[in-house]
Each structure stands twice: as C-alpha cells, then as structure tokens.
Amino acid sequence: MCRVLAYIGPEVPAESLLLTPPNSLVNQALDPERYPDLHLAGWGFALWSEHLLEPDAPFHYRRPMAAFYDDNAVRIIPSLRGSTMLAHVRAASYDSKAVLADENCHPFAFDETPWVIAQNGYVPDWALLQRELLQHCEDRYLTQMRGTTDTEFLYVLLLSLLEGDSDEDVQRAIEEVLRLIAEAMAELDLRALTKLKMALVSPNRVVAVNVGLGHDGETNPVGDWKQLRESGPGTDDYDLSMLLEPMHLLMGRHVERDDASYDFESCAEEEATVAIFASEALTEDADGWSSLEFGEIAFLERTGERVTRTVRKLAV
C-alpha cells in the first residue's frame, strides 16, 4: 500500500519533510514500517509557495521510479520551500501488469479545481465499476484523465460530486463516493476490500480521510488491526488490518535545528502553526503524533498563523 504525506503551515524547506526526517517519505519508499514491500512504482509531490512565479498553482513533480533512486530528488527538493504540500510514494504489484508512467504517479491535479489528491488505498476492479459509476462523472474531469489508476478515476468521481468547497460539501461528497462504490460492487457482484485512505489538498487546507469497505463490501468492517496483522502478508486478516489501521496526524510547530534532522515538534492544539497528515509518523517513536482512526475524516486548515483541526465520523 502506498504512502502519503500532506503538510500545511509556514513556508518550510521541502527537504525537512521529504528527505531529512528519520522516517522521511523518501525513506518510507525504501523501508516502510507497516508494509512488507518496497515502493518502486513512482513518486511525486505538489507544493504551493509564495516564492513561485505562480503562487496560486502548485509546483507539480512526478516520476515513475523509486524515490530513493531519483537523482532529481537531491537536486530539486533542497531548492524548494512550501506552505502547503502533498507528496506520495507509489506501491504496485511486482509484475508486468503494473504500468509505470508519469501519468500514474500521484498526486493528481486537474484544471478547474483547487483540489489535488493522493492516497494509499485501493479500489478493486475499478475499470469494471465504471459501468455503474461513469453516469456520475462530469465530462470536464473525465477528459483530463491521462493514466490508468483507480485513484485518478476516484478523483474524477469525487470532483464530479462536489457541490462546493466547504467542509460539509467535501464530507458529503466522500460519503457519496463510498456509497456509490458499494452499490456498484453489489450490482456487479464484485464485492471486495476497498481502501480510501486519502488526502485532498488545496492551499492552506488538508482533508484527511480514513475509510473503506470490508472483504464483502460492508461499510462497517470490524477487528483489531494489530491482532489481524499477526496473520502475516497474503492473508485476508492481514489485508483487513491494512484497511483498519490508523493514519497519523501531528499538530505542532516548526523549529529550525542545527542538525536539520527533524524540524517539527508537537504542541497544544490552540498554539499549533503546523499540521501534518501521513501514512506513517516521520519520527521513529511517533512521539507527539495522534491517530486518525478508521471511519474518520479530519479537516485541517491554516488561517493566518494558526492551524485548526476538526475530526468527524463519516456517515457510511
């Protein structure tokens, strides 16, 4: 399963998120803590900065190779700063069916929307599910699809269902996406485990989502993910544990350090100027990080110098 990282806060060096932390996103591609395989299928990031010539548009970089092999990473990233960022390393099956191309690397960014998306999730048989789901998709987004991934199609469907940019609008659209997927699976008898662990990001906003469907397409799968994980890779219980495990949140502040190893620390939420959402904590001990549990959605927003967090249960 892929790894995702989203950030909002003051402008910080991109390398303080992508390269230098003990469990940086690039390092997660080589040594993920909660996934048995290497992430070899590509990586990318979208970054907003007032120092760019077009500060309202993200600097968007994607490359279909392992992040730790990308020589551009150590050349481009140290030159960038950003106040909003969404980054991703991609996992794919180790066989010839995996399509490695720029167009299949996250994040995905379309015209006519401020939102950019990335996820460490999975929509099974999505190409077949299109039979039922295309009727809900708008042409202006469908015509921008360039790749062959479930996430890009999910992006099309979600944008098509958005009626506005408020938190309530986004939550309703995500709930509707999951409902439509579950209905389509039932209609086509394609019930299977589905993961929607995603970040939807626009300047100074992150919507963090941890939701999905169980092996039989149920919207309320249950279990202790740590106990299920003990069954080992390749089992249904292990796959269910990957669905039910939490995502990670940090509310804190940026503190520059001489060793440049990790420049963030947690603090009281009312004092927070930084928010980070991630598949894995960027520190080895996860100290100061909180959990976004399965079935929850978090709205992170930066206003002035402060960052706020609102966590809700998804109605699915």
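This is a predicted model: local features need pLDDT of at least 70, side-chain atom pairs count only at pLDDT 80 or more; totals for chains, interfaces and linings use all residues.
Visitor: Which residues line the largest cavity?

Guide: The largest cavity is lined by Val123, Trp126, Leu133, Asp150, Phe153, Leu154, Leu157 and Ile181, where residues are numbered from 1 along each chain as its sequence is written.

Visitor: What makes a space a cavity, and what makes it a pocket?

Guide: On a 1 Å grid over the protein atoms alone, a cavity is a set of points where a 1.4 Å probe fits but cannot get out, whereas a pocket is an open set with protein on both sides within 12 Å along at least five of seven lines; a lining residue has an atom within 4 Å of a point. The structure holds 1 cavity of 30 Å³ or more, and the largest cavity has a volume of about 50 Å³, a volume being the space filled by probe spheres set on grid points that are joined across faces, edges and corners.

Visitor: Which helices each supply at least two residues of that lining?

Guide: They are helix H4 (126-133) and helix H6 (150-161), and H6 gives the most, with 4 residues. Helices (H or I, at least four residues) and strands (E, at least two) are DSSP runs numbered from the N terminus, and the chain has 9 helices and 14 strands.

Visitor: How many residues of each class does the lining of the largest cavity have?

Guide: It has 7 nonpolar, no polar and 1 charged residues, given that Ala, Val, Leu, Ile, Met, Phe, Trp, Tyr, Cys and Pro count as nonpolar, Asp, Glu, Lys and Arg as charged, and the others, Gly among them, as polar. The second largest pocket, with a volume of about 150 Å³, is lined by 13 residues, of which Pro58, Ala109, Phe110, Thr113 and Val116 are the closest to its centre; its lining has 9 nonpolar, 2 polar and 2 charged residues.

Visitor: Why does Thr273 count as buried?

Guide: Buried means under 20% relative accessible area, exposed over 50%, and partly exposed in between, with a 1.4 Å probe and protein chains only; Thr273 has 16% relative accessibility, so it counts as buried. Thr273 is found in the loop between strand S10 (264-266) and strand S11 (274-278). Leaving aside neighbours within four places in sequence, the residues in contact with Thr273 include Ile8, Pro10, His254 and Val307, where contact means heavy atoms within 4.5 Å.

Visitor: Why is Glu112 called exposed, and why is Asp125 called partly exposed?

Guide: Glu112 has a relative accessible area of 55%, and therefore it is exposed, whereas Asp125, at 37%, is partly exposed. Glu112 lies in the loop between S5 and strand S6 (116-119), and Asp125 in the loop between S6 and H4. Although neither is a glycine, Glu112 has a positive phi of about 70° and Asp125 has one of about 55°.

Visitor: How do you know that the radius of gyration agrees with a compact globule?

Guide: The rule for a globule is 2.2 Å times the number of residues to the power 0.38, and the radius is taken over C-alpha atoms. For 316 residues a compact globule would have a radius of gyration near 20 Å, and the chain has 18 Å, which agrees. Of these residues, 55% count as buried.

Terms used:
Side-chain values use heavy atoms; hydrogens and water are left out.
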